[in-house]
Amino acid sequence: MKIPRIFSFLQFFTLLYLFTVTYGFTEEATALLKWKATFQNQNNTLLASWKLSPVGSKNSSSVGAKGSDACRGWYGVTCLNGRVNRLNITNASVVGTLYEFPFSSLPFLEYVDLSVNQLSGTIPPEIDFGHNPTTNRVTKKA
């Protein structure tokens, strides 16, 4: 019969899609947590909301979830269609560097504001200031 075979085919690709989307959501949250782990001040109360939800909880990034854990009330993180697209941790008392900032793991990130923090070191090449490096406009290179 062709109908059951087509149905199985559709089920397979639906599950594959859900797994791929869920992996992307989890990857974004995990990438931000890895960057946070490099901060010199691990007891930052403003970023205490940055944690993964237990698997199976209503906030976890399980199949059918609508976005990353990072989209569920993480301080300074804004999402669009369930993907991280803005990071604004202005004056969040972050002490660290941008060396481990997860640009490649945040493909939908369009806006970053890290001002009034204690970030040191060189600026990674993934950040583009345009023609004027003193501008407040920071974009991610494609």
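Colleague: Let's start with Val116: in which loop is it found?

Modeller: Keep in mind that this is a predicted model. Val116 has a positive phi of about 60° although it is not a glycine. As for its place in the chain, Val116 sits in the loop between strand E4 (111-113) and strand E5 (118-120).

Colleague: And is Val116 buried or exposed?

Modeller: The cut-off for exposed is over 50% relative accessible area. Val116 has a relative accessible area of 57%, so the label is exposed.

Colleague: Which loop holds Asn91, and how does its accessibility count?

Modeller: Asn91 also has a phi to look at: near 55°, a positive value in a residue other than glycine. Its loop is the one between strand E2 (83-88) and strand E3 (95-97). With a relative accessible area of 48%, Asn91 is partly exposed.

Colleague: OK, on to Asn44. Which backbone oxygen does its side chain reach?

Modeller: Asn44 is in the loop between helix H1 (2-36) and strand E1 (77-80), and it is buried, with a relative accessible area of 10%. Not counting residues up to four places away in sequence, Asn44 touches Ala92, Ser93 and Val94. The backbone oxygen reached by the Asn44 side chain, at 3.5 Å, is that of Ser93.

Colleague: Now the rings. How many aromatic pairs does a search of the whole structure find, and why is the pair of Trp35 and Phe39 classed the way it is?

Modeller: The search of the whole structure comes back with four aromatic pairs. For Trp35 and Phe39, the ring centres are 4.7 Å apart and the planes are at 85°. Planes over 60 degrees apart fall in one class, so this pair is edge-to-face.

Colleague: What about the geometry of Trp50 and Trp74?

Modeller: Their ring centres are 5.5 Å apart, with the planes at 20°, so the pair is stacked. Both residues lie in the loop between H1 and E1, so the pair ties together parts that are 24 residues apart in sequence. As for accessibility, Trp50 and Trp74 are both buried.

Colleague: Which residues do ring pairs link into a cluster?

Modeller: Two of the members have accessibility values I can quote: Trp35 is buried at 0% relative accessibility, and Phe39 is buried at 4%. The cluster linked by ring pairs is Trp35, Phe39, Phe101 and Phe103.

Colleague: Which ring does Arg86 lie over?

Modeller: Here a charge sits over a ring face, at 4.0 Å from the ring centre. The ring under Arg86 belongs to Tyr111.

Colleague: How many disulfides does a search of the whole structure find, and what is the handedness for Cys71 and Cys79?

Modeller: One disulfide turns up in the search, and it joins Cys71 to Cys79, with S to S at 1.9 Å. Cys71 is partly exposed, with a relative accessible area of 26%, and Cys79 is partly exposed at 26%. The torsion about the S-S bond is about -95°, so the disulfide is left-handed.

Colleague: Last one: over which residues does pLDDT stay under 50, with five contacts beyond four places in sequence?

Modeller: The protein chain averages a pLDDT of 75, and 62% of the residues score at least 70. Over residues 59-66 pLDDT stays under 50, and the model has 24 contacts beyond four places in sequence there. The stretch you asked about, with five such contacts, is residues 12-24.

Terms used
Residues are numbered from 1 along each chain as its sequence is written. This is a predicted model: local features need pLDDT of at least 70, side-chain atom pairs count only at pLDDT 80 or more; totals for chains, interfaces and linings use all residues. Side-chain values use heavy atoms; hydrogens and water are left out. Helices (H or I, at least four residues) and strands (E, at least two) are DSSP runs, numbered from the N terminus. Buried means under 20% relative accessible area, exposed over 50%, partly exposed in between (1.4 Å probe, protein chains only). A polar contact is a pair of N or O atoms within 3.5 Å; within protein, one must be able to donate a hydrogen and the other to accept it, and residues adjacent in sequence count only if both atoms are side-chain atoms. Contact means heavy atoms within 4.5 Å. Rings of Phe, Tyr and Trp (its six-membered ring) pair if their centres lie within 6.5 Å; planes under 30 degrees apart count as stacked, over 60 as edge-to-face and the rest as tilted. A charge sits over a ring if NZ of Lys or CZ of Arg is within 6 Å of the ring centre and within 35 degrees of the ring normal. pLDDT is the predictor's confidence in each residue, from 0 to 100. A disulfide is a pair of cysteine sulfur atoms within 2.5 Å.
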